[in-house]
Amino acid sequence: MQLPTPPAFSVPSPSTALAALILALLGLSDLTACSLPAEISSYYWGSQAPIRCTFFFALTGYAYAFKPKGPIRGISAQASPWDNLNTSVVFTWGFLEMISWFWIFITLREERRELAVRKAERKRAEENML
């Protein structure tokens, strides 16, 4: 796909430290959300999955479309501060996250439908008992 390989991450920099803090914060908030009761957790992840899937779709699309000599950017484009996002690492990470969050979104939708069917069956059973 002709995406450039990023420079080595062995040399710490302020930007990699900030990225590490942001990823740690997201990880801790996700772990906290996993300990919520089932109904609240379902609503939380049901709202997070489409947002994250859309974000990673946009990130992956940008990394591919605006790469040097890419389909949108072209050959004679000026350098941009966003060029650091056009690497193979960002593309691969964004693509895997996008696929994972899409799978989670589909699974949550199926679980929500099954839960609604179970609630309707319980309601019918209660009405028949009266």
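Student: In this structure, does Asp30 count as buried or exposed?
Tutor: The model is a predicted one, and in it the relative accessibility of Asp30 comes to 17%. The cut-off for this class is under 20% relative accessible area, so at 17% Asp30 counts as buried.

Student: With which residue does Asp30 form a salt bridge?
Tutor: In general, side chains of opposite charge can pair when their charged atoms come close. For Asp30, the closest N and O atoms of the pair are 2.9 Å apart, and a salt bridge requires such atoms to lie within 4 Å. The partner that Asp30 has in this salt bridge is Arg52.

Student: How many residues apart in sequence are the parts that Asp30 and Arg52 tie together?
Tutor: Asp30 belongs to helix α1, which covers residues 14-34, while Arg52 belongs to helix α2, so the pair links parts whose separation in sequence is 22 residues.
A search of the whole structure finds one salt bridge, and the distance in sequence between the parts tied by Asp30 and Arg52 is 22 residues.

Student: Which residues does Ser41 touch, not counting those up to four places away in sequence?
Tutor: Ser41 is found in helix α2, and with a relative accessible area of 13% this serine is buried. Once residues up to four places away in sequence are set aside, those that Ser41 touches are Ala33 and Leu36.

Student: Which helix gives the most to the lining of the second largest pocket?
Tutor: The second largest pocket has a volume of about 150 Å³, and α2 (38-65) and α3 (88-129) each supply at least two residues of its lining. Among the lining residues are Ala38, Ser42, Leu108 and Arg112. With six residues, the helix that gives the most to this lining is α3.

Student: How many charged residues does the lining of the second largest pocket have?
Tutor: The residues that line this pocket include Glu39, Glu111, Arg112, Glu114 and Arg118, and Asp, Glu, Lys and Arg are the types that count as charged. By class, the lining has three nonpolar residues and one polar residue, and the number of charged residues is five.

Methods. Residues numbered from 1 in each chain as written. Predicted model: local features only at pLDDT ≥ 70, side-chain atom pairs only at ≥ 80, totals over all residues. Heavy atoms only, no water. 1 Å grid on protein atoms, 1.4 Å probe; cavity = no way out; pocket = protein on both sides within 12 Å on 5 of 7 lines; lining within 4 Å. Points joined across faces, edges and corners; volume = space filled by probe spheres on them. Helix = DSSP H or I, 4+ residues; strand = E, 2+ residues; numbered from the N terminus. Salt bridge = Lys/Arg side-chain N within 4 Å of Asp/Glu carboxyl O. Buried < 20%, exposed > 50% of the residue type's maximum accessible area, 1.4 Å probe, protein only. Contact = heavy atoms within 4.5 Å.
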